[in-house]
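This report was prepared for a reader who is meeting a protein model of this kind for the first time. Please keep the sequence and the structure in view while reading.

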Protein chains: 2
Amino acid sequence: MAIGEVMLGIDIGGTKCAAVLGTPGGEMVGRVPLPTDPRRPPAEIVAELVAAARGLLAAHGLPPAALRGIGVSCGGPLDHESGVILRPPNLPLWDAVPIRALLQEAFPGVQVEVENDANATALAEWRWGAGRGCRSMVFVTMGTGIGGGLILDGRLYRGASGLAGELGHQTILVNGPLCGCGKKGCLEALASGPAIARLAQDSLQYGRGRPLIQRAGGRAADITARHVVEAARDGDAFARGILAEVGGYMGIGLANVIQILNPERIVLGTIAVHAGDLLLGPIRDAVAEFAWERSASACQILPAALGDRAQDLAALSLVSLNRGGGGGALEHSG
Amino acid sequence: MAIGEVMLGIDIGGTKCAAVLGTPGGEMVGRVPLPTDPRRPPAEIVAELVAAARGLLAAHGLPPAALRGIGVSCGGPLDHESGVILRPPNLPLWDAVPIRALLQEAFPGVQVEVENDANATALAEWRWGAGRGCRSMVFVTMGTGIGGGLILDGRLYRGASGLAGELGHQTILVNGPLCGCGKKGCLEALASGPAIARLAQDSLQYGRGRPLIQRAGGRAADITARHVVEAARDGDAFARGILAEVGGYMGIGLANVIQILNPERIVLGTIAVHAGDLLLGPIRDAVAEFAWERSASACQILPAALGDRAQDLAALSLVSLNRGGGGGALEHSG
């Protein structure tokens, strides 16, 4: 296949980074992974990512002019407008790193978009994954934390100060369990990976959950969300009960989102993908109970579709194909 | 003042209607109110509104060609796309009334926009009231029900099936009091006008609230939200306590909206306007408790500013000044 124009995606995570080349259609052309040693200066890592990108272009016989745009996906907080990374919790040395300016220095004249990873993954799922073809989609990350990205009327909605989509920190239970954010009863405190583990550990009474403890190597304190999901998939009733409870909380949170935003689709990542209908079933049941029928019936609830490619595609998805709108409008190409 | 172009607003409510003429700047030119007898055929009432509009134009020496556009504000449900009113609860005879087609027949060549009253009032507050000048605003009705209209990134957001903004039906208390919608623990069941009255009535124990009972004519069952607000304004501690409790619920609901949408402003109508800081104070306190500081600090919480003119201006606000966008984009003119 002859490659014409390409997009460069830079994914920056707490343990690994990657430079990826892709076509405007979302086909991967090449990829260079790099470890993110959090003790190394960010400038060194950025220089390596730039060298990797140049190497990818050269390996495919592409001149720098073939680069249609660059997308950078990174954990927040960051400033989308100025393209500066603002000290993400998992990257303490990345304090006010002007990633856009650094990349524009390396690739003069190429447009660079910088976005937090939840928004970027929302765009990727919307452009190439489970959100394809709809105008209003809510993407929900479900892992260590619960976050989200909002595609509303065909564009990414960031909010007044870039903090939209924090639906993991709506209050589900007044005076509920303490959340990592300092508030109580947040959805994240009830349905994230650590919340699933804690709920399983707290539910071990009267001899319940022995197979789960064995799966965790004999120590209840070592039970993780992964153990719960795996046990549930293997038919363990205790683990399935935990997922049913968690799905109930998630369903209340999604019902609230449905009442407020009336989206066409909600796409759930990570844990929901691994657990499948064992979690999506209880989620859909709770949505049916806590949202209006006419709003809930307008909204499909689906697992994310991009799997392992999500992070690479998230960075690539930031490269807009229709320029000119400004104001963060990032429309579908076709 | 010489009048050039004008806009026609048609406000259709359960007890009264109005035809109003206004300038593109939101200045009222003239107004004809009409009672809405719910037993009369809608076609008759529409014909009277058309005659009233023609009379207003003639009275100001304006030809029909001076009409820049027509906006119709009505209680939902309605179909914005086709311009059809779909049997609002307070207008049982208005079943599938093609209001846009009827008005276009009367005023050929004039564009007609039909919108539910919460969305229309949101637009009016954004264009001429408390939301002026911001890009993302949530308008919250606070009366018999709790509803909302969302202005996101400078345009009205309606959702996938026109049901966005139903923030009164997010769940605040799981297994809380029954809501008129059939769900339990909705914000509307905890902070609407009827909820305020019920909360006051339910709190009358140990001789509390005697002044409030007197204000209601001696019967506890006759206490309304208006009595509670008036007593609170007069310094009654019991009534103030009721508003503080209600403000707490409303604050949780608004905190959720802030976490999800990160708006620049939230504008509260009716009861919040009447009660002022007696309600807005507790609301702001609860928002500070239940939303992130960095999201809450980005959002002003204000009473609506249009007062008695809100319904007329709501209809007028639907007339867009920048045509051509399509897809419901209704942008500010300047």
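The report below goes from the whole chain to its domains, its elements and single residues.

**Chain A as a whole**

The structure is a predicted model. Chain A contains 12 helices and 13 strands. Its radius of gyration is 21 Å, close to the 20 Å that the globule rule gives for 334 residues, so chain A is as compact as a globular protein of that length. Along the principal axes, the C-alpha atoms of chain A fill a box of roughly 65 × 45 × 40 Å. Of its 334 residues, 54% count as buried. When contacts in chain A between residues at least 6 apart in sequence are considered, 61% of them join residues at least 24 apart.

**Two domains**

Chain A is divided into domain 1, which covers 6-123 + 309-317, and domain 2, which covers 133-305. The C-alpha centres of the two domains of chain A lie 29 Å apart. Where they meet, 7 residues of domain 1 are in contact with 13 residues of domain 2. On the domain 1 side, helix H3 (residues 117-128) of chain A gives the most, with 5 residues. By class, this side has 4 nonpolar residues, 3 polar residues and no charged ones.

One residue of helix H3 of chain A may be examined in detail, namely Ala122(A). Is Ala122(A) buried or exposed? Ala122(A) has 32 other C-beta atoms within 10 Å. The cut-off for a buried residue is 20 or more, and Ala122(A) is therefore buried. Leaving aside neighbours within four places in sequence, Ala122(A) is in contact with Phe139(A), Gly149(A), Leu150(A), Ile151(A) and Leu156(A). Ala122(A) and Ser317(A) are 195 residues apart in sequence, yet their C-alpha atoms are 9.1 Å apart in space.

**Where the chains meet**

The contact between the chains involves 35 residues of chain A and 36 residues of chain B. On the chain A side, the elements that give two or more residues are helix H8 (237-261) and helix H11 (293-296). H8(A) gives the most to this side, with 7 residues. The side of chain A that touches chain B has 18 nonpolar, 12 polar and 5 charged residues.

Helix H8 can be described in both chains. H8(A) has 25 residues and reaches 35 Å from its first C-alpha to its last, close to the 36 Å expected at 1.5 Å a residue. In chain B, the 25 residues of helix H8 (residues 237-261) should span 36 Å at 1.5 Å a residue, and the end C-alpha atoms are 35 Å apart, which agrees. H8(A) is mostly covered, with 19 of its 25 residues buried. H8(B) is likewise mostly covered, as 19 of its 25 residues are buried. After H8(A) comes Asn262(A), whose phi is positive, near 45°. Just after H8(B), Asn262(B) takes a positive phi of about 45°.

**Strands and sheets in chain A**

Strands of a sheet pair through backbone hydrogen bonds, either parallel or antiparallel. In chain A, strand S2 (residues 16-22) and strand S3 (residues 28-35) pair in the antiparallel sense over 7 bridges. Within this pair, Ala18(A) stands opposite Pro33(A) in S3(A). S2(A) and S3(A) form a hairpin with 5 residues between them, and Gly26(A) in the turn has a positive phi of about 90°.

A further 3 strands form an open sheet in the order S5-S6-S7 (chain A), with antiparallel pairing. Strand S5 (78-79) and strand S7 (95-97) of chain A stand at the edges with a single partner strand each, so one side of each is left without a neighbour in the sheet. S5(A) is joined to strand S6 (residues 84-86) of chain A by 2 bridges. In S6(A), Ile85(A) is the bridge partner of Leu78(A).

**Local backbone features**

| Residue | Phi | C-beta neighbours within 10 Å |
|---|---|---|
| Thr270(A) | near 40° | 20 |
| Asn175(B) | about 60° | 7 |

Thr270(A) is found in the loop between strand S12 (265-268) and helix H9 (271-275) of chain A. With 20 other C-beta atoms within 10 Å, Thr270(A) is buried. Asn175(B) lies in the loop between strand S11 (155-157) and helix H4 (188-191) of chain B, and counts as exposed.

The peptide bond from Gly76(A) to Pro77(A) is cis, with omega near 0°. Pro77(A) is found in the loop between strand S4 (67-74) and S5 of chain A. In chain B, a cis peptide bond joins Gly76(B) and Pro77(B), with omega about 0°.

Technical notes: Residues numbered from 1 in each chain as written. Chains lettered and ligands numbered in written order. Predicted model: local features only at pLDDT ≥ 70, side-chain atom pairs only at ≥ 80, totals over all residues. Contact = placed C-beta atoms within 7 Å. Helix = DSSP H or I, 4+ residues; strand = E, 2+ residues; numbered from the N terminus. Nonpolar A, V, L, I, M, F, W, Y, C, P; charged D, E, K, R; others polar. Rg over C-alpha atoms; globule rule 2.2 N^0.38 Å. Buried ≥ 20, exposed ≤ 12 C-beta atoms within 10 Å, placed from the backbone. Expected span 1.5 Å × (residues − 1). Pairing = 2+ DSSP bridges. Domains from an automatic or database assignment.
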